[in-house]
Amino acid sequence: MPVTISYISVKKRPGHVSQGLLTVGGRTHVCALGRGGIKALKREGDGATPLGRMRLAGAWFRPDHVQFRIARLGLARITATSGWCDAPDDRRYNRPVDLPYPASHETMKRADGLYDLVIVLDFNLMPRRRGGGSAIFMHLARPGLTPTEGCVALPAHVLMRMLPGLSGRTVLTFGY
């Protein structure tokens with residue numbers, strides 16, 4: 001069984017507002033952050049990655065694109081009807097939804113592959129603040145580590161290497 005990862009640290013990368021340095025198990029990796037950098041006061045649509053400490057609340061994956069043997073996190077399969085509500089006034093705000101859904105939402109099954117593996121961070125889940133930010137994930141990065149909308153994104157080989165050691169007890173902190 002792989003070593004359990006208890007702590008992950010993400011700090012901003014000097015000179016790069018939308019990139020960070022993620023440290024886990026003594027290794028440091030460059031990662032993509034929100035286009036707005038890391039902010040203490042996260043708001044829906046600001047493009048910022050939230051400052052703070054959070055746990056991993058589970059994972060979503062596309063079984064047609066990602067295969068792995070071991071995972072300690074609760075796993076949900078991404079299907080054509082998987083979505084995540086990002087409409088602050090909706091009762092399902094910052095929750096998974098079944099598509100089609102009438103309010104604004106993200107489609108989890110994406111053509112660009114960014115959500116082929118998604119770790120849900122417990123930011124603004126319990127309790128939920130309307131407009132406080134939604135769909136804060138750790139997911140796969142675009143080539144060149146271009147900015148996210150507020151998530152942390154990693155190259156596939158880094159996230160896949162970490163996955164077996166991640167659990168609901170893993171703590172991720174975002175700092176300056």
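The model is a predicted one, in which local features need pLDDT of at least 70 and side-chain atom pairs count only at pLDDT 80 or more, while totals for chains, interfaces and linings use all residues. Residues are numbered from 1 along each chain as its sequence is written, and side-chain values use heavy atoms, with hydrogens and water left out.

Because five of the five residues of E14 (residues 171-175) are buried, this strand is largely enclosed by the rest of the structure; strands here are DSSP runs of at least two residues, and helices runs of at least four, numbered from the N terminus. Pairing requires at least two DSSP bridges between two strands. Strand E1 (residues 7-13) pairs with E14 in the parallel sense over five bridges, and Ile-8 has Leu-172 as its bridge partner in E14. Strand E6 (residues 52-61) runs antiparallel to E14 and is joined to it by four bridges, with Phe-174 of E14 as the bridge partner of Gly-52.

The largest pocket holds about 300 Å³ of space. A pocket is defined on a 1 Å grid over the protein atoms alone as an open set of points where a 1.4 Å probe fits, with protein on both sides within 12 Å along at least five of seven lines, and lining residues have an atom within 4 Å of a point. The lining comprises 22 residues, of which Glu-106, Tyr-115, Ala-135, Glu-149 and Gly-150 lie nearest the centre of the pocket. Glu-106 belongs to strand E10 (residues 105-107), and its side chain is joined to that of Tyr-115 by a polar contact of 2.5 Å, a term that covers N or O atom pairs within 3.5 Å in which, within protein, one atom must be able to donate a hydrogen and the other to accept it, residues adjacent in sequence counting only if both atoms are side-chain atoms.

Asn-124 lies in the loop between strand E11 (117-121) and strand E12 (137-140) and is buried, with a relative accessible area of 7%. A polar atom of the Asn-124 side chain lies 2.8 Å from the backbone oxygen of Gly-133.

Methods. Buried means under 20% relative accessible area, exposed over 50%, partly exposed in between (1.4 Å probe, protein chains only). Grid points are joined across faces, edges and corners, and a volume is the space filled by probe spheres set on the points.
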